[in-house]
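Please consult the sequence and the model together while reading.

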Amino acid sequence: MPKTIYNKYDKSLISSLPVEQFQGRIIVILTANDTERAVRYLLSQPILGFDTETRPSFRRGNQYKAALLQVSTPDTCFLFRLNHTGLTPALIRLLEDQQVKKVALSWHDDINSLHKWGHFKPGVFIDIQNLVSDIGIEDLSLQKLYANLFGHKISKRQQLSNWEADILNDKQKVYAATDAWACIRIYEEIIRLKESGDYKLIIKEENNEANISEKR
């Protein structure tokens with residue numbers, strides 16, 4: 001039976017969906033020395049999901065550096081606390097890598113934020129926002145994409161929390177890990193649907209009428 005997806009997912013439906021959270025290992029990296037071992041492990045993996053978190057600023061014109069770099073495999077997520085480690089040579093090597101498949105969402109914005117820590121030449125990254133149109137999806141946010149493809153909600157409650165706090169709480173850790181891990185799941189599902197054609201695309205027009213396009 002083909003999967004039903006929508007060109008535009010109704011945001012009002014998200015609140016009623018079951019919550020999705022990363023269930024794997026979460027490892028917080030606090031020292032420059034630990035970044036070396038973590039990066040060595042990550043570069044041995046076939047696919048990685050990336051994201052960043054920045055302390056919110058509620059004052060116009062005041063903007064902080066990215067405080068956290070999340071890098072996840074399908075079962076392990078490393079949280080690099082950049083406000084403790086800085087952009088170490090190991091992290092630069094990871095960001096410049098040309099071999100490992102690296103997936104992110106709106107990665108250009110994250111690159112700009114990371115460049116405030118230092119210069120690096122971005123390696124090969126796959127931005128999910130450049131792929132979704134291949135299966136007819138027009139939404140670009142992580143939350144809408146995940147709800148559309150998997151019928152689950154990724155909570156954004158921790159998004160505006162203090163990412164420069166001395167100690168990240170468990171809710172912050174899970175939130176951060178989930179965002180990076182979800183990039184892998186979304187990417188793999190888009191590729192699966194694109195290659196198999198086993199989906200039914202419902203086009204929602206401005207007048208709320210729906211047309212159905214079935215791909216098998």
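How do the residues of the lining of the largest pocket divide into nonpolar, polar and charged?

## Pockets

The lining of the largest pocket comprises eight nonpolar, nine polar and ten charged residues. Here Ala, Val, Leu, Ile, Met, Phe, Trp, Tyr, Cys and Pro count as nonpolar, Asp, Glu, Lys and Arg as charged, and the others, Gly among them, as polar. The model is predicted: local features need pLDDT of at least 70 and side-chain atom pairs count only at pLDDT 80 or more, while totals for chains, interfaces and linings use all residues. Residues are numbered from 1 along each chain as its sequence is written, and side-chain values use heavy atoms, with hydrogens and water left out.

The largest pocket holds about 670 Å³ of space. Of its 27 lining residues, Asp51, Thr52, Glu53, Asp110 and Gln159 lie nearest the centre. Strand 3, helix 4, helix 5 and helix 6 each give two or more residues to this lining. The second largest pocket holds about 230 Å³, and its lining includes Val19, Glu20, Ile154, Arg157, Lys171 and Tyr175. That lining divides into four nonpolar, four polar and three charged residues. A pocket is an open set of points on a 1 Å grid over the protein atoms alone, where a 1.4 Å probe fits, with protein on both sides within 12 Å along at least five of seven lines; lining residues have an atom within 4 Å of a point. A volume is the space filled by probe spheres set on the points, which are joined across faces, edges and corners. Helices (H or I, at least four residues) and strands (E, at least two) are DSSP runs, numbered from the N terminus.

## Nonpolar cores

The largest nonpolar core has 37 residues, and Ile128, Ile135, Leu149, Ile186 and Ile190 have the most contacts inside it. Elements giving two or more residues to this core include strand 4 (66–72), helix 5 (142–150) and helix 6 (170–196); helix 6 gives the most, with twelve residues. A second, separate core of 24 residues includes Val39, Leu94, Trp107 and Leu114. A nonpolar core is a set of buried Ala, Val, Leu, Ile, Met, Phe, Trp, Tyr and Cys residues joined through side-chain atoms within 4.5 Å. Buried means under 20% relative accessible area, exposed over 50%, and partly exposed in between (1.4 Å probe, protein chains only).

Beyond its neighbours within four places in sequence, Ile135 is in contact (heavy atoms within 4.5 Å) with residues including Ile5, Leu149, Ile190 and Tyr199.

In helix 1 (residues 32–42), the buried residues are Thr35, Ala38, Val39 and Leu42. Seen down the helix axis, they fall within an arc of 100°, so they line one face of helix 1; the arc is that of the directions from the helix axis to the C-beta atoms. Asn33, Arg37 and Arg40 are exposed on the face turned away from this buried side.

Helix 4 (residues 107–114) buries Trp107, Asp110, Ile111, Ser113 and Leu114. These buried residues fall within an arc of 165° and so line one face of helix 4. Their cover includes strand 3 (47–54), helix 3 (89–96) and strand 6 (101–104).

## Individual residues

Ser106 lies in the loop between strand 6 and helix 4. Although not a glycine, Ser106 has a positive phi of about 50°. Most residues other than glycine have a negative phi. Ser106 is partly exposed, at 21% relative accessibility.

Glu195 belongs to helix 6 and is exposed, with a relative accessible area of 68%.
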